[in-house]
Number of protein chains: 4
Amino acid sequence: MEKIVVIKYKDIKLKSPILIGGLPGIGNVGKIAADYIVEKLNMTKMYDIFSQYLPPQVFINDDSVVHLVRNSIYYKKMRGKHDLVILAGDFQGTTQEAQYELSYQVLQIAKEIGVSMIYTLGGYSIGKIVDKPRVLGAVTDKNLVADLEKNGVVFPKGEPGGGIVGSAGLILGLGMELFNMNGACLMGETSGYFADPKSAMEVLNVLQRQLGIKIDMSDIETRSKQIEQITGKMAEEFQNKQNKEDLGYFG
Amino acid sequence: MEKIVVIKYKDIKLKSPILIGGLPGIGNVGKIAADYIVEKLNMTKMYDIFSQYLPPQVFINDDSVVHLVRNSIYYKKMRGKHDLVILAGDFQGTTQEAQYELSYQVLQIAKEIGVSMIYTLGGYSIGKIVDKPRVLGAVTDKNLVADLEKNGVVFPKGEPGGGIVGSAGLILGLGMELFNMNGACLMGETSGYFADPKSAMEVLNVLQRQLGIKIDMSDIETRSKQIEQITGKMAEEFQNKQNKEDLGYFG
Amino acid sequence: MEKIVVIKYKDIKLKSPILIGGLPGIGNVGKIAADYIVEKLNMTKMYDIFSQYLPPQVFINDDSVVHLVRNSIYYKKMRGKHDLVILAGDFQGTTQEAQYELSYQVLQIAKEIGVSMIYTLGGYSIGKIVDKPRVLGAVTDKNLVADLEKNGVVFPKGEPGGGIVGSAGLILGLGMELFNMNGACLMGETSGYFADPKSAMEVLNVLQRQLGIKIDMSDIETRSKQIEQITGKMAEEFQNKQNKEDLGYFG
Amino acid sequence: MEKIVVIKYKDIKLKSPILIGGLPGIGNVGKIAADYIVEKLNMTKMYDIFSQYLPPQVFINDDSVVHLVRNSIYYKKMRGKHDLVILAGDFQGTTQEAQYELSYQVLQIAKEIGVSMIYTLGGYSIGKIVDKPRVLGAVTDKNLVADLEKNGVVFPKGEPGGGIVGSAGLILGLGMELFNMNGACLMGETSGYFADPKSAMEVLNVLQRQLGIKIDMSDIETRSKQIEQITGKMAEEFQNKQNKEDLGYFG
């Protein structure tokens, strides 16, 4: 078996496409954002990527049909100068080799379809819930910084301290060194304790400004508020419980 | 060394064969069921599959002869429209790559011998002992559901929640996506705490109806009852012990 | 880099050689026995096997020179019908793939030099110290049993229960299935808690009778006695300590 | 993707170059020393080595640009008989295979550019802080010992007991067995608890004498003193705390 099996569904000419990558990861920020764009822009599937670098697993759909885990690439013809291409999927590669091979495969496709710029989306774990998650950036060329800053991305020195682990970083690094492609990584701050639509929303807000596109944000806003209520309630209960215990202790 | 070494013992023409796969796994349900069919139908070995994807281990037979661990494929000529082919073995592949490569190898053989439909057998761990294990299903095509339901398979939405991990799911997923083969997975409910012939028996009951075949079930019924007595006795002793401890505590 | 690099030092014609394999493992029984034969028969190195299937490590010799870890094959011309070939080494392969690839490599060499019979040596862990370790056997052909029994090997049914894991079993299993070679595994009983020259000595005693060869056993007898004294002293101290504690407890 | 991607920046003829390897490891002694030479001799980058044998990670530079992790080789034309080549990098290979493949790759480059002698630098963990770390040696040829001893390297028998694990040992071992290259490993004693510039300084002192070169040591001396003050203060505080606790206990 080939280690990676790419199935191409559409042989279509795209206009200087921009690739956006969002796979599962910290707070699932990248995945939530990428899946949301695919859904809201009603994008068309272009490629499926099956691989032994992904878990040996099928999911079961609502109609009881098995879904072999995969990464997929979707496209959307846009009015502006750049068509849009999204990398989404069920898992990141599960080993070091898997990470490199799958990222390299995506870059080969990107090159083949003429991708002009890459944005990878991810989460940046800060270990606590914040009201207004920042979106941190990293780039392949320092000339990209100014434009992103204008659109709300921050570039604090020394953050993230350990760099970027996984596909969000690797696609940029390999793209820069081996494919001569430019790109930026957008990382939404997240507690890292649960799937975080609020952080994904902030990433999407930045991305819309950066790309000059418009996505209907109502659904993800609703989901963010639901999560806020749950986490807010949890915090409250925790506080109440502590108060009661304190009373009990002293009573 | 080739990563997988297939040894073919019989070059025989089979009539639109149905492949049934049952390897070790949760409650060993799939393995118990598959081995039972091989034994009761007195099936003939067609292939041995040796591989470095299996543990570096030999078992020792009763005559002190070593048995290199393997997967094997057996066949049986049947009167009806479909001959029968069984995948059985000592282990599943032990890594992610192993799972993909061995499942792919089985599918290549399935294609070569003209397999028309695949059933994979497995266990579905529910963490407790049940009187009457259900048999859950998942399919490669929703049109397969009705027939299976008629024969006693259930398709509860959202179960199993995590999908199917390992060869029982992967053979279906790869078969569907890369080999254009149809199949169904039959999962017997099991506590998951021990090898479970009762669950395997329920899977075999469903399978007989589905395939219109007849297997002598007396041995597996006996084994199921033995296990029931053991687990029943364990539960009873546990209850007695608890009662005594309760008495002791209050006495 | 080739995954296995074989360096051949001697291109010599051997007379229907017998291969004896003894690599590190349980109680280091196989390694101690194999290394002892190499030393006492003053055997000549024929092959070095370097490989990334072994740890990335060098040892440092007494003259401060590094020794890259390896497996090696030694030979000795004998008067009888069979010359002797020994597989010895610093490590077994460290992964499943490593085990298969290195065992297969050894078998390829065995085939090339015309090996007529294989004996693999190992330990069988029984979790306690025994006065007189038995030597258990497993074979590739049941016709080999009688002769080995005559020379002191025992074949208790169901032992070792889990079969044989690692190169001692795999070389036999692969030799039997893929190389059509016969062989036997000789396993000396050992506590498994320390390197066990006494168990190795018993294995060597059996092997001498089986092969009709004579090895000077004085050194390994001395080492066995030293180990016996140490473990005996440990047991005694443990007993004394227990007695004192008992006295203290009641005193 | 190739498992190792070598990018050559300079095609330059070097004069019987000496290769010095210093990658991350125990106390980071080798890396600190190698990076220091690159910086102080203002060496020029000759090769980048990217690989899936390294973590799937990018670091982020001060200008927010991603840095794909790598190993690199630098050179410096020297006045004496030997030019200088340094192997430095972000990580060692992360698996056994990675260690062998990357070391082999470095040796292939070494051969191609005509390297005449190899020094690998590393740390030797002794589990405690020492005032004056010794520099231990191991060689590929015992004739190399005398010269190194003259320059301050010690060769205590039986140290390091477990040999040398990782690239510092493997480059020597593979160089010796498969490339017919000579080399020595210089190991600075270190507690192993933190990055240890003091141990690296001692290694550099030896190396300067051995190679007859002169490196400005003022910066690393400063860093060593800073570390000494921190570890000294920590030891003092620990002592004070113990004294107070003792007083408290008796007071």
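Let me start with one pair: R70(C) and E177(D) meet through their side chains in a salt bridge, at 3.0 Å from N to O. By salt bridge I mean a side-chain nitrogen of Lys or Arg within 4 Å of a carboxyl oxygen of Asp or Glu. Between chain D and chain C the count is 2 salt bridges.

Some ground rules. This is a predicted model, where local features need pLDDT of at least 70, side-chain atom pairs count only at pLDDT 80 or more, and totals for chains, interfaces and linings use all residues. Residues are numbered from 1 along each chain as its sequence is written, chains are lettered from A in the order in which they are written, and side-chain values use heavy atoms, leaving out hydrogens and water.

Back to chains C and D. Polar contacts there come to 15 residue pairs, both residues at pLDDT 80 or more. A polar contact is a pair of N or O atoms within 3.5 Å; within protein, one must be able to donate a hydrogen and the other to accept it, and residues adjacent in sequence count only if both atoms are side-chain atoms.

Which element gives the largest share of the side of chain D that touches chain C? That is α4(D), with 8 residues. Helices here are DSSP runs of H or I, at least four residues, and strands are runs of E, at least two, numbered from the N terminus.

Now the overall contact, meaning heavy atoms within 4.5 Å. Chain D brings 29 residues and chain C brings 24 residues. The buried area is about 2,200 Å², and carbon and sulfur atoms give 63% of that. Buried area is the accessible area, with a 1.4 Å probe, that two parts lose on being put together, summed over both. In chain D, Q96(D), Y100(D) and E177(D) lose the most area to chain C, together 29% of what that side buries.

Strand β4 of chain C, residues 57-60, runs antiparallel to β11(D), joined by 2 bridges. Two strands pair if DSSP finds at least two bridges between them. V58(C) has I164(D) as its bridge partner.

Over to chains B and C. An open sheet of 3 strands runs β5(B)-β4(B)-β10(C), with antiparallel pairing. Its edge strands are β5 (66-68) of chain B and β10 (164-165) of chain C. Inside chain B, 3 bridges join β4(B) to β5(B).

Last, who does not touch? Chains A and C have no contact, with their closest C-alpha atoms 16 Å apart.
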